[in-house]
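Dear colleague,

I am passing on the structure we spoke about, and it is placed just below. After it you will find my notes on what was found, written for someone opening it for the first time.

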Amino acid sequence: MSDVVRLLRDQLAAEVRALPRRTRPGDGARRRLDRAGTVAEVREAARRALPGVIFDFVDGGAGDEVTVRRNVADLEAVELAPRTLVDVSAVDLSVELLGRRLALPVIGAPTGLCGLVHGDGEVALARGLHAAGSLYALAAMGSYSIEEVAAAAPGPLWFQTYLWRDRALVLDLLDRARVAGYEALVVTVDVPRAASRDRDRRNGFGLPPRLTARSALDGARRPAWTWRFLTRPRLTAASVAAGRLADGDSVSVAAYVDRQFDPAATWDDLAWLRERWSGPLVVKGVMTVADARHAVARGADAVVVSNHGGRQLDRVSSTIRALPAVVEAVGDRAEVVVDGGFRRGADVVAALALGARACMVGRPVVFGLGAGGEAGVRRVMEIFERELRGTLALLGCARAGDLDERFLVARGTAAAASAS
Ligand SMILES: Cc1cc2nc3c(=O)[nH]c(=O)nc-3n(C[C@H](O)[C@H](O)[C@H](O)COP(=O)(O)O)c2cc1C
């Protein structure tokens, strides 16, 4: 018997021996996660593990999801320019962001209501990101509170809020974030009102949630998720509930928050907030040079070029297209972070080459959470780490911090050329 045949026979035998163990609920999802080597594969594992209504809440976007697709497509269109015969025996992925060194330039975006995705919700997200040497931005809409996440995940944390109508609530959240040791405040400015998302409407995901025969059946086909959901429900925006609605049930908290988006908020309100937060201030949801300048003029230390992952205004341009002009306008006075559609290490490399300090990822880590809790988040971060390391080595760049436009095809990347 040849070595190859023996190897194949042994592998097959191991597969067969493992079969009975795979019949337990949740085993299929775990196996898929173990085998996932790309973010796309983790997304697929999450799709199988989650009821459709929850998967669509994470995966979906506003309108026709044109911007969701643009974010990804424009990143894919960026052309890298490799250098050869460069010593890349050691590749340093670390970058500095707001005075803190991170092991890699990928951080966790604020994502609300992640307790719906997995009972460990934002705690698992924070722990998974910390394990990778990165940081997590907890959303005010998180299913776990400011204090719960800080206690369970004592690594670097940012706190994200909106300029809600109830300014006393915002100040209360700020105080609590300061006391709990959150390092930076992220203010998201692209939600004057909630956007309409057709998948959520069709699925009956809303207030109050509408249980359809299809979603009930779907839940029955995902026993691991359903078991966690029934035994450890985490539905509410915990920080808000603790601050305002002591006994509020999840529906009334969500309804309360929904009324809080303030369509009248202006840049003056950001200045007001700046006076009340002494730490670093990050303004998230900037897509134009004018808005980047407004943010920096009001004292922002960093801006996040973001279209909310295509979940707010559909038809806006991709973030990688908006990035170069923002870097040029404010990059000497503020750090620039970008999010939206980052699925591959090469995407992150493209953004750094165009002047971003780091990228935020939303859906990728939430898919990881859905596919396997904290282990799934860790897996996603391992994928980014491995892909980044490989891409930088093949690109001939030994340090992520050295990336610049010389590593892109002229200034003629589709993104950069059309943005200028
Ligand atoms: C499930 C989910 C919930 C989100 N919740 C918030 C939120 O509460 N606050 C916020 O500023 N952004 C929120 N976002 C947007 C993310 O912070 C981020 O901008 C976006 O996910 C980036 O795009 P990506 O998902 O393609 O990585 C959410 C995104 C998702 C997928």
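The protein has 19 helices and 10 strands, and please keep in mind while reading that this is a predicted model. Of its 420 residues, 53% count as buried, and the accessible surface comes to about 18,100 Å², with 54% of that belonging to carbon and sulfur atoms. Among the contacts with a separation of 6 or more, 73% are made by residues 24 or more positions apart.

The largest nonpolar core has 112 residues, and those with the most contacts inside it are F159, W164, Y182, L323 and L392. Helix α18 gives the most to this core, with 13 residues. Apart from it lies another core, of 15 residues, which includes L102, A109, A302 and M360. As for Y182, leaving aside residues up to four places away in sequence, its contacts include I146, V149, F159 and W277.

Helix α6, which spans residues 121-131, is mostly covered, since nine of its 11 residues are buried; among them are E122, L125, L129 and H130. The elements that cover these buried residues include the strands β3 (106-108), β4 (136-139) and β5 (157-162), together with the helices α7 (146-152) and α18 (363-395). After α6 comes G133, whose phi is positive, near 85°.

The model also holds a ligand, which is surrounded by 23 residues, the closest being P110, T188, D339, R343 and R363. By class, this shell has eight nonpolar, 10 polar and five charged residues, and α4 (52-59), β5 and α18 each supply at least two residues to it. An oxygen atom of the ligand is 2.7 Å from a polar backbone atom of P110, while a backbone N or O atom of G362 lies 2.9 Å from an oxygen atom of the ligand. Of the 600 Å² of accessible area that the ligand has on its own, the protein covers 97%.

L313 counts as exposed because its relative accessible area is 57%, and exposed here means over 50%. The C-alpha atoms of L313 and A62 are separated by 6.5 Å, although the two residues are 251 residues apart along the chain.

With kind regards

Terms used: Residues are numbered from 1 along each chain as its sequence is written. This is a predicted model: local features need pLDDT of at least 70, side-chain atom pairs count only at pLDDT 80 or more; totals for chains, interfaces and linings use all residues. Side-chain values use heavy atoms; hydrogens and water are left out. Buried means under 20% relative accessible area, exposed over 50%, partly exposed in between (1.4 Å probe, protein chains only). Helices (H or I, at least four residues) and strands (E, at least two) are DSSP runs, numbered from the N terminus. Contact means heavy atoms within 4.5 Å. Accessible areas come from the Shrake-Rupley method with a 1.4 Å probe; for residues, only the protein chains shown count as cover. A nonpolar core is a set of buried Ala, Val, Leu, Ile, Met, Phe, Trp, Tyr and Cys residues joined through side-chain atoms within 4.5 Å. A residue is near a molecule or strand if one of its heavy atoms lies within 4 Å of it. A polar contact is a pair of N or O atoms within 3.5 Å; within protein, one must be able to donate a hydrogen and the other to accept it, and residues adjacent in sequence count only if both atoms are side-chain atoms. Ala, Val, Leu, Ile, Met, Phe, Trp, Tyr, Cys and Pro count as nonpolar, Asp, Glu, Lys and Arg as charged, and the others, Gly among them, as polar.
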